[in-house]
Amino acid sequence: MTESTSARDRVVAQIRNEQQACREVVAEVGEQRMNEPGPMGDWSFRDLAAHLLGWRERTLSQLEAVAAGREAPPDPWPADLGDDDDAVNDWIQRESEGRATEEILADIDGSFDRLAAALGALPEEALTDPAGLAGFEEGGAAAEMDWVSHWHEEHEPDVRAWLSSASAPSRR
């Protein structure tokens with residue numbers, strides 16, 4: 001097995017592990033609580049999933065373009081939103097309002113498949129060279145980047161706390 005193959009296998013395995021972990025969190029939340037506010041203030045888990053999907057769609061479009069040797073497409077949201085994350089988040093929420101929860105969850109699950117395929121299709125230098133994805137978000141070797149850090153750093157602790165508090169026996 002060559003180094004690039006092992007890097008490719010490692011990054012794809014990492015994405016598959018994250019996909020399974022996501023499925024477990026979705027199952028833990030359960031259908032009954034999917035639209036309940038709490039994990040992110042007024043946002044429900046469904047809203048959070050739509051938020052994560054909106055940003056991941058952007059990343060996937062960029063990665064798929066790099067893998068195919070094309071120029072990265074523009075962001076999916078209106079250009080006048082610029083770098084204002086709050087405005088982009090509001091736009092993503094408005095765009096997802098009419099979508100069924102099941103559709104959002106299926107698209108989140110499928111996004112891991114797309115992510116694994118795009119990373120698996122990258123040229124060797126993008127996987128292993130620290131300058132391989134220069135100009136792409138934080139840049140670096142694709143096999144060394146954390147493709148789900150936003151979830152882990154910004155949202156998972158709040159969701160875990162919400163799930164723990166909801167499952168704890170009430171105290172009188």
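Student: Which residue meets the side chain of E103 in a salt bridge?
Tutor: This is a predicted model. E103 is partly exposed, with a relative accessible area of 39%. Its salt bridge has an N to O distance of 3.2 Å. The partner is R99.

Student: Is R99 buried or exposed, or partly exposed?
Tutor: Buried means under 20% relative accessible area, and exposed means over 50%. R99 has a relative accessible area of 23%. So R99 is partly exposed.

Student: How many salt bridges does a search of the whole structure find?
Tutor: The pair of E103 and R99 is a salt bridge. The side chains of D47 and R46 also meet in one, at 3.6 Å, N to O. The search of the whole structure finds 11.

Student: Are D47 and R46 buried or exposed?
Tutor: The cut-off for buried is under 20% relative accessible area. D47 has 17% relative accessibility, so D47 counts as buried. R46 has 8%, so R46 also counts as buried.

Student: How many residues apart are E28 and R160?
Tutor: The side chains of E28 and R160 meet in a salt bridge at 3.1 Å, N to O. E28 is in helix α1 (residues 3-29), and R160 is in helix α6 (residues 149-167). The pair links distant parts of the chain, 132 residues apart.

Student: What is the angle between the planes of W77 and W91?
Tutor: The structure holds 2 aromatic pairs. W77 and W91 form an aromatic pair, 6.4 Å centre to centre. Planes over 60 degrees apart count as edge-to-face. This pair is edge-to-face, and its angle is 70°.

Student: Why does the W77 and W91 pair tie together parts of the chain, and how many residues apart are they?
Tutor: W77 lies in the loop between α2 and α3. W91 lies in helix α3. So the pair ties together parts that are apart in sequence by 14 residues.

Student: Which residues form a negative surface patch?
Tutor: One member, D84, has its place in the loop between α2 (45-68) and α3 (85-96). D84 is partly exposed, with a relative accessible area of 41%. The patch is formed by D83, D84, D85, D86 and D90.

Definitions and conventions
Residues numbered from 1 in each chain as written. Predicted model: local features only at pLDDT ≥ 70, side-chain atom pairs only at ≥ 80, totals over all residues. Heavy atoms only, no water. Patch = residues over 30% accessible without salt bridge, like charges linked within 9 Å, V, L, I, M, F, W, Y side chains within 5 Å. Areas by Shrake-Rupley, 256 points an atom, 1.4 Å probe, with all protein chains shown as cover. Salt bridge = Lys/Arg side-chain N within 4 Å of Asp/Glu carboxyl O. Lys, Arg positive; Asp, Glu negative; His and termini not counted. Charge placed at Lys NZ, Arg CZ, Asp CG, Glu CD. Helix = DSSP H or I, 4+ residues; strand = E, 2+ residues; numbered from the N terminus. Buried < 20%, exposed > 50% of the residue type's maximum accessible area, 1.4 Å probe, protein only. Phe/Tyr/Trp six-rings, centres within 6.5 Å; stacked < 30°, edge-to-face > 60°.
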